[in-house]
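Welcome! Here is a friendly tour of one protein structure, taken a feature at a time.

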Amino acid sequence: MTILIPAYEPDVRLLNLIVKLQEYGLGPIVIVDDGSGPDYQGLFDTAKAYGCTVLTHTHNLGKGCALKTGFRHIREWDLQEAVICADSDGQHLPYDIKRVVDAIQLHPSAGMVLGSRKFTGQVPLRSRFGNSVTRGVFAVATGSKVYDTQTGLRGFPHHMLDWLCEIPGDRFEYEMNMLLAARREGYAIREVFIETVYLEENKSSHFRPLVDSMRIYLPILAFSASSAASAIIDFTLLFLFQYMTHNLFFSVVAARLCSSIFNYSMNRKYVFGGKNAAKVRKSMPKYFSLVVLVLLLNYGLLYFYNEQLILPLVVAKILTEASIFVFSFWAQRRFVY
């Protein structure tokens, strides 16, 4: 069982964690120095003296890069053992790390295990709020619930290492991408609840609220942009075809077909990934089956708003698209890509 710890400008808490892990009989321990610089060399030398393997980035590349550096190194060892990732700032107690180890060993061929915090007690407001928002976004994006999407305490069976090295993302967004990709690839996500520990209002965290939050939420922002562009195409063509034919059903079908082709291309390439032919063959039938379902919902709601409630076509179209947006994102994330 290998323990992987990414570290950027750590303090003595890293050394305390190493000692406690060794007392629990956990190891070997691999530490990735993510460009901390010469001021921290003595601390990493001490970690080496404690028997840890220390990998070094010449400059700061981000947590995602540090984790992937560790995964690649562990893969080369070919120990065929699970990997447990933990943070260096003292927020993950050795006892809780041991619980994640036990959960992985109980089902060694299953997917990942998360050490999830319940966010009880003295928790900084930005951390409590940030996790609540991200948890909600993840639920909408995947159709499934993960209580703590931002935890750095995670366990993986050895067979997931190749996959972990291929997930995009260099910084904190890597951990969110990992969860999103796991649902798409069919890997199970299990949670073990751990103690919530925040030291000195989490001042040691290198998480940048604005920049790193944008990275984490980028997939859903990209989907929103794709959907907005598709909606503009759909709106324009709907009114054009309706003006030319005065046939609402034909106008809805023709406009939706054109905008769906555009939407599929954008989502496959820029939102959910998957450019190779095999993924196209797999996702395209699912997507256009969803298009038919959404089309029927679209027409039914549009007819209801426009014909039954006697709302103007513009208002009816806006209400219809708003009603369908969340369902469409959830279905594409869960079943198509």
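## Two helices side by side

In this predicted model, helices α1 and α2 are roughly parallel to each other, because angles under 35 degrees count as such. Helices here are DSSP runs of H or I with at least four residues, strands are runs of E with at least two, and both are numbered from the N terminus. The angle between α1 (residues 12-23) and α2 (residues 41-49) is about 5 degrees, and their axes lie 10 Å apart. Axes are lines fitted to C-alpha atoms, for helices over the stretch in contact, with angles from 0 to 180 degrees between N-to-C directions.

Where the two helices meet, Val-12, Leu-14, Leu-15 and Ile-18 of α1 touch Leu-43, Phe-44, Thr-46 and Ala-47 of α2; contact means heavy atoms within 4.5 Å. Seven of these residues are nonpolar, one is polar and none is charged. In this scheme Ala, Val, Leu, Ile, Met, Phe, Trp, Tyr, Cys and Pro are nonpolar, Asp, Glu, Lys and Arg are charged, and the others, Gly among them, are polar.

## How the values were made

Residues are numbered from 1 along each chain as its sequence is written. Local features need pLDDT of at least 70 and side-chain atom pairs count only at pLDDT 80 or more, while totals for chains, interfaces and linings use all residues; side-chain values use heavy atoms, leaving out hydrogens and water.

## The sheet

Seven strands make an open, mixed sheet in the order β3-β2-β1-β4-β6-β5-β7, where two strands pair if DSSP finds at least two bridges between them. β3 (53-57) and β7 (189-194) are at the edges with a single partner strand each, so one side of each has no neighbour in the sheet. On average, neighbouring strands are turned by 20 degrees against each other, direction ignored.

Within the sheet, β4 (residues 83-85) runs antiparallel to β6 and is joined to it by three bridges. Ile-84 stands opposite Gly-155 in β6.

## Two backbone details

Most residues other than glycine have a negative phi, and most peptide bonds are trans. The peptide bond from Gly-27 to Pro-28, however, is cis, with omega near 5 degrees. Pro-28 sits in the loop between α1 and β2 (29-34).

His-246, a residue other than glycine, has a positive phi near 55 degrees. His-246 belongs to the loop between α8 (209-245) and α9 (248-271).

Conventions
Angles under 35 degrees count as roughly parallel, over 145 as roughly antiparallel, 65 to 115 as roughly perpendicular and the rest as oblique.
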